[in-house]
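Okay, thanks everyone for coming.

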Amino acid sequence: MKATLGSLPTSDDGWAYEIKWDGHRTLAHVDGTRCRLQTTAGHDSTARWPEVDALAGAVHASSAILDGEMLVIGEDGRPSFDLVQRRDPARHPAMFHAFDVLQIDGTDTIELPYLDRRSLLQQVLHPGDHWAIPAHHLGGGAELLAATVDQQLEGLIAKRTDSRYRPGARSKDWLKIKNRTRTEVAIGGFTAGNGARSTTFGALLVGVADGDRLR
């Protein structure tokens, strides 16, 4: 399930808020003592994240499917997408933030309301050194968004407290509220886009002025 880009709800009634983490969206499939990690494109990413191998031992069920974000924390204490891309487990180990549970012991939980799934997630997963359940907040969206600005975080995800989980759907029951900053950059190069980006660019190489150099 994916969030729709939007703005903060006009009322907190019926909404919960989570920090928007800057990482790789990942599904964790736990089966006995094994944990298989999967990208949103359906690719197996288990080998990329050896730090999370022991996650299955922290799940209080014979099997489960967890949805979350794979993060790497930088020296400044904030998630760094650049470190996620570059991957150096020895210096910057990964952390899996589980924010939803889709199945427990072979029983789907996706039709349960968000708050019920959250409660089950707290029961089924015991936090560890390389995985955690990030907090969710009922109300106080404006104050929490302001705090993410102060901490230079990416923003918030607002989720309706009664929302069901819709696999593969982009729903307005989940809103992505991003903190946007403006800066001037020099474009040094680009790659051609693929798929939905086939008519435009895929990625940009940019530089920010740092004295008489570009960083």
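I'll start with the overall picture and then go inside.

First, a heads-up: this is a predicted model. The chain has three helices and 15 strands. How does its radius of gyration sit against that of a compact globule? For 215 residues, a compact globule would come out near 17 Å, and this chain has 18 Å, so the two agree. If you box up the C-alpha atoms along the principal axes, you get roughly 60 × 45 × 35 Å.

On contacts, take the ones with a separation of 6 or more: 64% of them are between residues 24 or more positions apart. As for the surface, the chain exposes about 12,300 Å², with carbon and sulfur atoms supplying 51% of that. There are 25 positive and 28 negative charges, and their mean positions lie 6 Å apart.

Now the inside. Of the 215 residues, 42% count as buried. The largest nonpolar core has 27 residues, and the ones touching the most other members are Leu55, Leu66, Phe96 and Leu125. Several elements give two or more residues to this core, among them strand E5 (63-72), helix H1 (81-86) and helix H2 (114-124). Which element gives the most? That's E6, with five residues.

Leaving out residues up to four places away in sequence, Phe96 touches a whole list, including Val52, Leu55, Leu66, Met70 and Trp131.

Conventions. Residues are numbered from 1 along each chain as its sequence is written. This is a predicted model: local features need pLDDT of at least 70, side-chain atom pairs count only at pLDDT 80 or more; totals for chains, interfaces and linings use all residues. Side-chain values use heavy atoms; hydrogens and water are left out. Helices (H or I, at least four residues) and strands (E, at least two) are DSSP runs, numbered from the N terminus. The radius of gyration is taken over C-alpha atoms; the globule rule is 2.2 Å times the number of residues to the power 0.38. Buried means under 20% relative accessible area, exposed over 50%, partly exposed in between (1.4 Å probe, protein chains only). Contact means heavy atoms within 4.5 Å. Accessible areas come from the Shrake-Rupley method with a 1.4 Å probe; for residues, only the protein chains shown count as cover. Lys and Arg count as positive and Asp and Glu as negative; His and the chain ends are not counted. The place of a charge is taken as NZ of Lys, CZ of Arg, CG of Asp or CD of Glu. A nonpolar core is a set of buried Ala, Val, Leu, Ile, Met, Phe, Trp, Tyr and Cys residues joined through side-chain atoms within 4.5 Å.
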